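I opened my notebook beside the structure and jotted down what I looked up, one entry at a time. Here are the notes, friend, in the order I made them.

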Amino acid sequence: MRWALIGASDIAATRVIPALRLSDHEIHGVLSSSETRAEEYAREHELAHSTSDLETLLSWPIDAVYVSTTNDRHAEQAVASARAGKHVLCEKPLALTIADATRMVETAREHHVVLATNHHLRAAGTHEKIRGIVRGGDLGEIYLARVGHAVGLSERLRGWRISGERPGSGVVWDILVHNVDTLRADLASDPVEVTSFTSTTSLSSLGVVDLSLCTLRFDNGVLATTSESFAVPFGRTSFEIHGSQGSLVASDVMTPDPIGEIVLTTSTGQRVIEVEDRENLYVKTLRRFEEACAGRGTPYSSGDDGRVAVASALAALRSAHERRTVTLAEVLAG
Ligand code: NDP
């Protein structure tokens, strides 16, 4: 496919450009809000074209765009791209309001293009394995899930995420959305209510939320907790599911790399589950996206999936602010 990059970002440079190239896609050019930065980024990543004008980018001979600007810009750029007939792979969070997320989903539908959300963790071989175990019934009736996603924010990413200079900063928008999307996929269930606490550490002097703890009730009755942080440099990620017949404890499986271990304990004892698929998560995401654009199947995480993650983030932020349990239904109602 022929792509354009909307956003001269770190994630495009470190993950998505290499994955596009590994998958033999063509990258026509890049858009940045700054003409100079667009040119520099294009030069650095050997892209033939650069622009600071979205209309110009949308006039290029491209099939799809990858939107990886700051979170407040995703909605407008994705909607304009879908209107121009381009398929859209959009970074998470899809948007910052339900109205925007809905507009993105509806515009893509009207213009017959694919809108996918880059919740890359669904593509991990470990999570594909976890889904198989859950559906295979080894855990019995599932009661509890727990996601530990407290990490240290690397020095180079300590810009808009913690400065609060633009809407959409903080750990809820950055990490909780991934946790909820992964739980939804692995539990095959939707969250219905959320209670959360948020806090700010010394990492963010301006009071941006960089610590959160959320409890979610899913529509199949499962209760889940998630913890998120930017301020825990030595934290390891974890993902647990506990049921009447077994417990699954996975470590290092909430990362962008195809790593991590799953341990399953049942009445027959404890064993490490072999994960054969260690393929690059972004390459797998692009392959499913390309298939969906060709009319075969669906992306790992759709626009609708991204919209539920947005609703969950809004519910968590409202819960912490108003000190009460918030239902997804009330957030989705606007
Ligand atoms: P970056 O800060 O690297 O990029 C975001 C935007 O900030 C860019 O589009 C660019 O704007 C601007 N920017 C970046 N570097 C500079 C600079 N040196 N000087 C001036 N402006 C700069 O953010 P990330 O790449 O970390 O995140 C981008 C998006 O991707 C976010 O939505 C984030 O949530 C998501 N993300 C997703 C991940 C995943 O694995 N799914 C992982 C990491 C991030 P402009 O384009 O206008 O120049």
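In which loop is P93 found? I placed P93 in the loop between β5 (87–90) and α5. A reminder to myself before going on: this is a predicted model.

The peptide bond from K92 to P93 is cis, with omega near -15°. I noted the background too: most peptide bonds are trans, and most residues other than glycine have a negative phi.

Next I looked up positive phi values. D252 has one of about 60°, although D252 is not a glycine. I found D252 in the loop between β12 (246–251) and β13 (261–266), and its relative accessible area of 21% makes D252 partly exposed. R323 also went on the page, with a positive phi near 55° in a residue other than glycine. R323 sits in the loop between α10 (303–322) and β15. With 71% relative accessibility, R323 counts as exposed.

**Entry: helix pairs**

Two packed helices are described by the angle between their axes and the distance between the axes, so I wrote down both for each pair.

I took α4 (residues 74–83) and α5 (residues 98–110) to begin with. They pack at an angle of about 15°, with their axes 9 Å apart. Angles under 35 degrees count as roughly parallel, and α4 and α5 are therefore roughly parallel to each other. Their crossing is left-handed. On the α4 side the contact is made by H74, A75, E76, A78, V79, A82 and R83, and on the α5 side by D100, R103, M104, T107 and A108. Sorted by class, this contact of α4 with α5 has six nonpolar, two polar and four charged residues.

Then I turned to α1 (residues 10–22) and α9 (residues 281–293). Their axes come within 9 Å and cross at roughly 60°, and α1 and α9 are therefore oblique to each other. The crossing of α1 past α9 is right-handed. From α1, I listed I11, R15, V16, A19, L20 and L22, which meet Y282, V283 and L286 of α9. By class, the contact of α1 with α9 has eight nonpolar residues, no polar ones and one charged.

**Entry: cysteines**

How many disulfides does the model have? My count came to zero disulfides. C90 is in no disulfide, and the nearest cysteine sulfur, that of C293, is 14 Å away. I also looked up accessibility. C90 is buried, with a relative accessible area of 0%, and C214 is buried, with a relative accessible area of 0%.

**Entry: two strand residues**

Is V272 buried or exposed? V272 is exposed, at a relative accessible area of 54%. I located V272 in strand β14 (residues 269–273). Leaving aside neighbours within four places in sequence, V272 is in contact with E261, I262 and V263. I also checked V272 against G303: they are 31 residues apart along the chain, and their C-alpha atoms are separated by 34 Å.

My last stop was T327, in strand β15 (residues 326–327). T327 is partly exposed, with a relative accessible area of 27%. Beyond its neighbours within four places in sequence, T327 is in contact with V192 and E193. From T327 to S312 I noted 15 residues in sequence and 9.0 Å in space, C-alpha to C-alpha.

How values were computed
Residues are numbered from 1 along each chain as its sequence is written. This is a predicted model: local features need pLDDT of at least 70, side-chain atom pairs count only at pLDDT 80 or more; totals for chains, interfaces and linings use all residues. Side-chain values use heavy atoms; hydrogens and water are left out. Axes are lines fitted to C-alpha atoms, for helices over the stretch in contact, and angles run from 0 to 180 degrees between N-to-C directions. Helices (H or I, at least four residues) and strands (E, at least two) are DSSP runs, numbered from the N terminus. Angles under 35 degrees count as roughly parallel, over 145 as roughly antiparallel, 65 to 115 as roughly perpendicular and the rest as oblique. A crossing is left-handed if the near helix is turned anticlockwise from the far one by less than a right angle, and right-handed if clockwise. Contact means heavy atoms within 4.5 Å. Ala, Val, Leu, Ile, Met, Phe, Trp, Tyr, Cys and Pro count as nonpolar, Asp, Glu, Lys and Arg as charged, and the others, Gly among them, as polar. A disulfide is a pair of cysteine sulfur atoms within 2.5 Å. Buried means under 20% relative accessible area, exposed over 50%, partly exposed in between (1.4 Å probe, protein chains only).
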